[in-house]
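Q: Hi! Could you walk me through this structure?
A: Happy to, let's look at it together.

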Amino acid sequence: MSSENACFEHKLENEIAIEPKDWMPEHYRKTLIRQIGQHAHSEIVGMLPEANWLTRAPSLRRKAVLLAKIQDEAGHGMYLYSAAETLGGDRADLYQKLLKGQMKYSSIFNYPTLNWADIGVVGWLVDGAAIVNQVALCRTSYGPYARAMVRICKEESFHQRQGYEAVTALANGSEEQRAMLQDAINRWWWPSLMMFGPNDSESPNSAQSMAWKIKRLSNDELRQKFIDNTVHQVEALGMTIPDPDLKWNEARGHYDHGEIDWEEFMQVIHGNGICNHERIQAKQRAWDEGAWVREAAIAHSNKQQKHVA
Ligand SMILES: [Fe+2]
Ligand SMILES: [Fe+2]
């Protein structure tokens, strides 16, 4: 083992963060650029299903809260693209790979938000699942990624609470509102569980990421944490989880759950979800319509440089 590699391994072993200028294996760097890039893509694509409801929020207060949340997600995308840049990732290149389908984003954002209850449920379940994942990433081995996660988790916890507050209002509302909420839970429950990725036995890259301490808990461990956290919240709302096999397992000290439809998951991540096409089209349009901003920024920077010269 080279002395550089030994130093890298020593840092991993002793929980010392790897920083941008440190030596690191090329495969570690590439894995991180891909993971952080896909995480960034998920933040900005995740703005789309919620933005759909900005003009239809039921009150000014709900609208202001939703707007603030969506802006936070844009900020998360920006921190993460910057973290990928510290590894030599090129932001424009990452974005083009998203548009060409060469990089993924979270499968969850390919589902439609059909009614107002969906917006509450997205904040509560989808951001709730994201927090479980991201809290674990606060201890990831790459310093800039871990530090971005600390800030992001604080904002995600506001997202989750605003979602739960919105669904609580519906749960305390009319029969029609309660039915709307139950319908939203029925549609979002399983896709939320899929957010943690395939079962550990089907996740071949996980072992290397765990060894590098990029990933600190396995997909199944994270999924279990989310389920254990959420069951009581559903019960407190007087709603039900659409899984007849969900039950407390005294011996394990966790909830058991039914089989996830992995066929549906594979279809969605391979581009055949309900909204895959629409989401990429929206991001392509944003890229095309933003051309003048990029051109103006380059012209301004050239002018500044001439000025200095
Ligand atoms: Fe976020
Ligand atoms: Fe969020």
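A: We can start with the metal site and then move on to the aromatic residues.

Q: Before that, what kind of model is this?
A: This is a predicted model.

Q: Okay, which residues coordinate the iron ion (ligand 2)?
A: Glu-73 (OE), Asp-127 (OD), Glu-156 (OE) and His-159 (ND1) coordinate the iron ion (ligand 2), at 1.9 to 2.2 Å. Along the chain, these donors are spaced as E-x53-D-x28-E-x2-H.

Q: And what do the angles at the iron ion (ligand 2) look like?
A: They run from 90 to 164° among the 4 donor atoms, and the site is irregular.

Q: Which residue bridges the iron ion (ligand 2) and the iron ion (ligand 1)?
A: That is Glu-73, and the two ions lie 3.4 Å apart. Glu-73 sits in helix H4 (residues 60-85) and Asp-127 in helix H6 (residues 116-137), 54 residues apart, so the pair links distant parts of the chain.

Q: Is Glu-73 buried or exposed?
A: Buried, with a relative accessible area of 5%. Asp-127 counts as buried too, at 5% relative accessibility.

Q: Switching topic: how many aromatic pairs are there?
A: The structure holds 11. One of them is Trp-248 with Tyr-255, edge-to-face at 5.0 Å centre to centre and 70° between the planes. Trp-248 is partly exposed at 43% relative accessibility, while Tyr-255 is buried at 9%.

Q: Which residues form an aromatic cluster?
A: Phe-8, Trp-23, Tyr-28 and Trp-212 form one.

Q: Last one: what lies over the face of Trp-53?
A: Arg-56 does, at 4.0 Å from the ring centre. Likewise, Arg-294 lies over the face of Trp-287, at 3.6 Å from the ring centre.

Definitions and conventions:
Residues numbered from 1 in each chain as written. Chains lettered and ligands numbered in written order. Predicted model: local features only at pLDDT ≥ 70, side-chain atom pairs only at ≥ 80, totals over all residues. Heavy atoms only, no water. Donors = N, O, S within 2.8 Å, 3.2 Å for Na, K, Ca; no water. Tetrahedral: all angles 85-135°; square planar, octahedral: opposite > 155°, others 65-115°. Helix = DSSP H or I, 4+ residues; strand = E, 2+ residues; numbered from the N terminus. Buried < 20%, exposed > 50% of the residue type's maximum accessible area, 1.4 Å probe, protein only. Phe/Tyr/Trp six-rings, centres within 6.5 Å; stacked < 30°, edge-to-face > 60°. Lys NZ or Arg CZ within 6 Å of the ring centre and 35° of its normal.
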